Amino acid sequence: MSTSPSQTLAERPTRVRYWVIVFAVTLAAVTYIDRVAISFAAPSIRRELGLTAVQMGWVFAAFNWAYAMFEIPGGYLGDWIGPRKVLMRIVLWWSTFTAATGWAWSFPALLGTRFLFGAGEAGCFPNVAKVFTTWLPDRERVRAQGIMWLSARWAGAFTPLLVAWVMGLVGWRHAFEIFGCLGVVWAVLFFLWFRDDPMQNPKLNAAERELLRGSSKMASGHGDVPWGRLARSRQVWMLCGQFFCLNYGWWFYVTWLPTYLREARHVEIVSAALLSMLPLFCGGLGNPACVLLTRVVTRRTGSVAKARRLMGYLGFAGASTFVLVSTTFRDPLLAMLAIGMASFSNDLVMPGAWTAAMDVGGKYAGTVSGTMNMVGNIGGAMAPLAIGYMLAWSHSNWNLTFYISAAVYAMGILFWAFLDPVTPIEQEA
């Protein structure tokens with residue numbers, strides 16, 4: 001029996017679409033557990049494999065270089081064949097090499113494993129952006145990004161305690177094997193439930209189908225990505241520039257931070273695990289704060305673009321300032337509180353940046369967000385490597401690394417000043 005328009009209007013939409021947020025949240029949590037685990041295990045890995053600070057910097061950076069190299073192909077595949085098949089491949093691949101991290105026997109083996117881990121994970125969040133673009137109406141996408149990144153950051157925040165506990169039970173090698181199993185479970189459940197086109201899910205009622213009718217049109221394959229238009233687009237370049245600055249500063253929190261606490265602040269291992277939680281915990285809070293503030297500013301100004309730019313300005317300015325402030329404290333707790341506020345400011349930018357990539361990309365959201373994340377991860381790759389060299393050259397002058405991060409954060413303000421975060425590339429003049 002067909003449903004009349006009046007019946008559709010009177011009917012309350014089902015909430016089947018929110019399951020994509022649940023899957024995104026759990027995926028983000030697994031992703032950050034697997035990413036952050038190596039930063040806390042780094043001192044044990046360095047001792048067992050005899051690695052220098054520069055070699056550990058290369059290990060941290062290997063993930064990001066591979067992630068950056070394969071990010072555009074991963075996002076493009078999501079636009080072309082759909083995120084269902086792509087995310088299944090991505091999660092199984094990275095789970096395998098998460099486990100393989102525990103099998104490394106030398107510096108080259110560890111370096112190669114982390115490179116392959118990064119290559120496999122590339123395209124994850126661009127494909128999640130594609131899922132949100134097709135499964136959620138416009139007004140729900142910023143909130144979905146905020147919820148997802150909150151979950152990702154908090155999963156990363158509690159990872160040091162989780163890793164410390166698991167490593168205490170089975171050692172760092174078997175800990176990575178355990179963490180690798182989490183992704184396999186997610187991949188199987190996601191593949192069985194998810195469909196690229198929400199209209200193929202029989203549990204949506206007529207009202208929810210009507211709500212998603214416009215966004216679902218972007219679910220079909222789009223192999224004809226306008227590469228030339230992307231290369232000429234100012235929005236795409238500005239998105240990439242600001243994400244480079246954001247990732248350069250942020251990757252310190254999930255790579256060198258535990259080492260900094262142990263070597264520069266002389267904090268014991270348990271206290272280091274607790275203090276390492278602060279930046280990611282505070283960063284998680286920055287995401288819902290961004291969503292709330294964006295909503296308030298949009299309501300008062302009537303401009304989504306102004307609201308997103310304001311979050312960009314506040315986020316980068318705050319992150320730069322608090323990174324510098326952290327160097328003035330002798331007390332490790334006060335220094336970490338300042339770093340936590342820098343991370344909070346960092347994540348005031350995140351939901352707006354990803355939603356801007358979705359809006360600018362439109363039906364090519366996977367490719368555009370993949371391009372943005374590729375350049376961001378080049379910044380993420382440069383940071384731990386540069387820190388390793390700076391520590392070697394300056395005889396472990398950690399303040400120098402903070403000054404450079406603050407300067408890079410400040411540059412992000414300029415990119416947001418010239419970014420139009422709402423106009424699709426198809427309409428760009």
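**Salt bridges and pockets in the predicted model**

The side chains of arginine 46 and glutamate 263 meet in a salt bridge, with an N to O distance of 3.5 Å; a salt bridge is here a side-chain nitrogen of Lys or Arg within 4 Å of a carboxyl oxygen of Asp or Glu. Arginine 46 lies in helix α2 and glutamate 263 in helix α11 (residues 257-263), so the pair ties together parts that are 217 residues apart in sequence. Helices (H or I, at least four residues) and strands (E, at least two) are DSSP runs, numbered from the N terminus. Glutamate 263 is partly exposed, at a relative accessible area of 43%; buried means under 20% relative accessible area, exposed over 50%, and partly exposed in between (1.4 Å probe, protein chains only).

The structure is a predicted model, in which local features need pLDDT of at least 70 and side-chain atom pairs count only at pLDDT 80 or more, whereas totals for chains, interfaces and linings use all residues. Residues are numbered from 1 along each chain as its sequence is written, and side-chain values use heavy atoms, with hydrogens and water left out.

Five salt bridges are found in a search of the whole structure. One of them joins arginine 17 to glutamate 140 at 3.0 Å, N to O. This pair links distant parts of the chain, 123 residues apart: arginine 17 is in the loop between α1 (5-10) and α2 (19-49), and glutamate 140 in the loop between α6 (124-135) and α7 (141-193). Arginine 17 is buried at 5% relative accessibility, and glutamate 140 is buried at 6%. Arg17, Glu140 and Glu208 are linked in a network of salt bridges. Aspartate 359 forms a further salt bridge with arginine 308, their closest N and O atoms lying 3.0 Å apart. Here helix α15 (residues 350-361) supplies the aspartate and helix α13 (residues 304-326) the arginine, 51 residues apart. Both residues, aspartate 359 and arginine 308, are buried.

Arginine 308 also belongs to the lining of the largest pocket, where Asp138, Arg139, Val142, Val304 and Arg308, among 15 lining residues, lie nearest the centre. A pocket is an open set of points on a 1 Å grid over the protein atoms alone where a 1.4 Å probe fits, with protein on both sides within 12 Å along at least five of seven lines; lining residues have an atom within 4 Å of a point. The largest pocket holds about 380 Å³ of space. Helix α12 gives the most to this lining, with four residues.

The second largest pocket has a volume of about 180 Å³. Its lining includes Ile72, Trp227 and Trp237.

Technical notes:
Points joined across faces, edges and corners; volume = space filled by probe spheres on them.
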